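Me: Hi! Could you help me look through this protein? I'd like to start with the charged side chains.

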Amino acid sequence: VIPYIDLLLPSEQRQALLSKLYEFRCACSACSNSSVSDQRRLTCETLGRCIEKAKSTKLRDALRDTQRLVDTLGAEFGPFNCLGDGACWLGYQIAMDLKDSKVAQNWAATTHRLRMTTLGNSHPETLIAKFAMQELELANKAT
């Protein structure tokens, strides 16, 4: 998926931008079933703001909301989507801030799987996630 516009915009705004910029009218399922899609995308936006606020003081809340964000992105865009890997990497970072290496390892592994699918095996971001996953796997085996 190559997004030409902000994928989290409501369908009416996405359609207007696509029409203006590319003279294109989208007929995908998200644009055709806009009320459900728009609600999910609004939820993603809201969760993103909640996570940002909670990252400085309430890391467990931020981690919970990150899982909800990943679930909502999966429901909207499918399990292997270009937005989900960023949310998963955020989960990894929050788990590391919490010093929870087992949870961080799970987030790194999920990020790695998503990035292999969306970016490919040799992409630098895929390799970073793989390295983080492997390092945590070794650390968790040692404890």
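Reply: Happy to! A salt bridge here is a side-chain nitrogen of Lys or Arg within 4 Å of a carboxyl oxygen of Asp or Glu. Keep in mind that this is a predicted model. Arg64 and Asp61 give us an example, with their side chains meeting at 3.4 Å, N to O.

Me: Where do Arg64 and Asp61 lie?

Reply: Both are in helix α4, 3 residues apart, which is about one turn of the helix.

Me: Which residues are linked with Asp61 and Arg64 in a network?

Reply: Asp65 and Arg68 join Asp61 and Arg64 in a network of salt bridges.

Me: How many salt bridges are there by this rule?

Reply: The count comes to 11. One of them joins the side chains of Arg14 and Asp38, at 3.9 Å from N to O. Arg14 sits in helix α1 (residues 11–22) and Asp38 in helix α3, so this pair ties together parts that are 24 residues apart in sequence.

Me: Is Arg14 buried or exposed?

Reply: Arg14 counts as buried, because its relative accessibility is 3% and the cut-off for buried is under 20%.

Me: What about Arg115 and Glu125?

Reply: Their side chains also meet in a salt bridge, at 3.9 Å, N to O. Arg115 lies in helix α6 and Glu125 in helix α7, so the pair ties together parts 10 residues apart in sequence. Arg115 is buried, with a relative accessible area of 6%, while Glu125 counts as partly exposed at 36%.

Me: Why can charged side chains pair at all?

Reply: Side chains of opposite charge can do so when their charged atoms come close.

Me: New topic: how many residues are in the largest nonpolar core?

Reply: It has 26 residues, and those with the most contacts inside it include Ile51, Leu69, Tyr92 and Trp107. The elements giving two or more residues to this core are α3, α4, α5, α6 and α7.

Me: Which helix gives the most to this core?

Reply: That's α5, with 7 residues.

Me: And which residues does Tyr92 touch?

Reply: Leaving aside residues up to four places away in sequence, Tyr92 touches Ala104, Trp107, Ala108, Ala132 and Leu136.

Key: Residues are numbered from 1 along each chain as its sequence is written. This is a predicted model: local features need pLDDT of at least 70, side-chain atom pairs count only at pLDDT 80 or more; totals for chains, interfaces and linings use all residues. Side-chain values use heavy atoms; hydrogens and water are left out. A nonpolar core is a set of buried Ala, Val, Leu, Ile, Met, Phe, Trp, Tyr and Cys residues joined through side-chain atoms within 4.5 Å. Buried means under 20% relative accessible area, exposed over 50%, partly exposed in between (1.4 Å probe, protein chains only). Helices (H or I, at least four residues) and strands (E, at least two) are DSSP runs, numbered from the N terminus. Contact means heavy atoms within 4.5 Å.
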